[in-house]
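I open the notebook on this model. The entries below follow the order in which I looked things up.

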Amino acid sequence: MNKKMHIDTHCVLEYDGKNFSQPHILPIYATSSFVMQSFEHGEAVFTGQKQGQVYGRYGNPTVDEVAAKIAALESHGMEKQAFGLMTSSGMSAISTLLQSLLQNGDAILTQEDLYGGTTELFKSVFPAMGIRTYFTDLKDISALEVLIKNNPDIKVLYFETPSNPTCSCLDIKVLADFAKQNGLLSIVDNTFCTPVIQQPLQLGVDFVIHSTTKYLNGHGNSIAGIIVGIDEARKPAIWKTLKLMGGTCNPFDAWLVHIGMKTLGLRMEKHSSNAMSLATYLENHTKVSKANYVGLKSHESFETASSQMRLPGGMLSFEVDGGYEAAKKCINSLSLAKYAPTLGDVNTLVLHPRTSSHLNVDPAVSEKNGITQGLIRVSVGIEATEDVLSDFENALNSI
Ligand SMILES: Cc1ncc(COP(=O)(O)O)c(C=O)c1O
């Protein structure tokens, strides 16, 4: 402390960092900007001659470390290392990536049964920017070929597998090859699986996005997202859109994802085994007309899922007999499982898609895709299996 300085100046002074040891765990850099060591250093960093942090919206050591870790997981086992850019939410990852890849007049090709928020973004926000979306059945490759031929404005193929909430799967390799052959960039929302279960980049996809809010964090205490890409040359343009649109991730949320990811492998195994037990129980229940889970042989996507997913994951949905009223009674009778509009947490969570996530989706489209009034989505947690089963047994008995 410089005793000659006024006490008011001492209040303002920052730490000098000299007494710091190397921390065992990644620290949270709660700072909006970074001090330049000198004029020359500042100039070198700003002009890109030297690597370094400048301003929190441009990058932050905590956020960048977590982004690099998720990118490394997505490209695990590949020769090439992917790059990652964390965003303020999953929606920010989707909108930032697409805004950086598309221009006024371009179009997106996607499926009808996307996450409701993504559908709404494509339908009610992007058109004002001159970006339109073609929603269609992505399993019908010959129909896609005709669509592409007739609509040269399509530049991007965007998809989710398994889909939310019916767990319908798309063949990633087939679609990645199709995109390449037709000069499209491909993007997969890998939120439901995480790289522990499924690695779309390995199957030829150009970009993966996540709502890290879900399984990557796993504990329901952080909202964030990530864009992962395999072609490093694309990073500067995406980063520029991210920093100028301002969808940067904050370091505390990134740090919570970092801590959560340490148990990701363990969690995904337990989510999967619990979900398998619950799906098997539900499939055989007299009050359940349908159980959607990719681990069940009866599911339409069993083969596709088995070919590209290491584990069946923790997401399932089931349809109770009696529609809306029966679903309401069942959800209200659960006690361990909570009704919360998120997924991927260690706790078992349920949701009624038609009155929540899919509220703004055309009811006819929802019905066509199996999202009926009796459908309940379950994000199966990692509690003891018997407690999860008995909770659903009690709830179904109440109908
Ligand atoms: C599959 C999927 N993708 C993207 C999102 C959007 O993520 P966020 O809520 O972090 O913006 C969600 C949110 O529920 C989702 O389920």
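**Ligand shell and strands**

I started at the ligand: the residues of the shell around the ligand divide into three nonpolar, eight polar and two charged. In this count Ala, Val, Leu, Ile, Met, Phe, Trp, Tyr, Cys and Pro are nonpolar, Asp, Glu, Lys and Arg are charged, and the others, Gly among them, are polar. The shell holds 13 residues, of which the closest are Ser-89, Gly-90, Met-91, Ser-211 and Thr-213.

I noted the terms of the model before going on. This is a predicted model, in which local features need pLDDT of at least 70 and side-chain atom pairs count only at pLDDT 80 or more, while totals for chains, interfaces and linings use all residues. Residues are numbered from 1 along each chain as its sequence is written.

**Helix 4 and helix 5**

Next I looked at a helix pair. Helix 4 (residues 90–101) packs against helix 5 (residues 116–124) at an angle of about 35 degrees, and their axes are 11 Å apart. Helices (H or I, at least four residues) and strands (E, at least two) are DSSP runs, numbered from the N terminus. The axes are lines fitted to C-alpha atoms, for helices over the stretch in contact, and the angles run from 0 to 180 degrees between N-to-C directions. The crossing of helix 4 past helix 5 is right-handed, that is, the near helix is turned clockwise from the far one by less than a right angle.

Which residues of helix 4 meet helix 5? I find Met-91, Ile-94 and Ser-95 in helix 4, which meet Gly-117, Thr-118 and Leu-121 in helix 5. This contact is made up of three nonpolar, three polar and no charged residues. Contact here requires C-beta atoms, placed from the backbone, within 7 Å.

I then took Thr-87, which is in strand 1 (residues 83–87). Is Thr-87 buried or exposed? Thr-87 counts as buried because 27 C-beta neighbours lie inside 10 Å. The cut-offs, for C-beta atoms placed from the backbone, are 20 or more others within 10 Å for buried, 12 or fewer for exposed, and partly exposed in between.

Thr-87 and Lys-243 are 156 residues apart along the chain, and their C-alpha atoms are separated by 9.7 Å.

Strand 1 and strand 7 run antiparallel and are joined by five bridges; Thr-87 stands opposite Gly-225 in strand 7. Two strands pair if DSSP finds at least two bridges between them. Strand 6 also pairs with strand 7 in the antiparallel sense, over five bridges, with Phe-207 opposite Gly-229.

Strand 7 (residues 225–229) has five of its five residues buried. I checked both faces: Gly-225, Ile-227 and Gly-229 are buried on one side, Ile-226 and Val-228 on the other.

Strand 4 (residues 154–160) has six of its seven residues buried. Strand 4 pairs in the parallel sense with strand 2 (residues 107–110) over four bridges, and Ile-108 stands opposite Val-156. Strand 4 also pairs in the parallel sense with strand 5 (residues 185–189), over five bridges; there Leu-157 stands opposite Ser-186.

I then read the loop between strand 4 and helix 7 (172–181), where Pro-162 is found. A cis peptide bond joins Thr-161 and Pro-162, with omega about -5 degrees. Another cis peptide bond joins Asn-164 and Pro-165, with omega about 10 degrees, and Pro-165 lies in this loop. Cys-167 is in the loop as well, and its phi is positive, near 60 degrees. Cys-167 counts as buried because it has 28 C-beta neighbours inside 10 Å.

Thr-194 has a positive phi of about 70 degrees and lies in the loop between strand 5 and strand 6 (207–211). I logged these values because most residues other than glycine have a negative phi, and most peptide bonds are trans.

My last entry is a sheet of five strands, open, in the order 8-9-12-11-10, with mixed pairing. Strand 8 (288–292) and strand 10 (338–339) stand at the edges with a single partner strand each, so one side of each has no neighbour in the sheet. Strand 10 pairs with strand 11 (residues 349–351) in the parallel sense over two bridges, and the bridge partner of Tyr-339 is Val-350.

Note on methods: Two residues are in contact if their C-beta atoms, placed from the backbone, lie within 7 Å. A residue is near a molecule or strand if its C-beta atom, placed from the backbone, lies within 6 Å of it.
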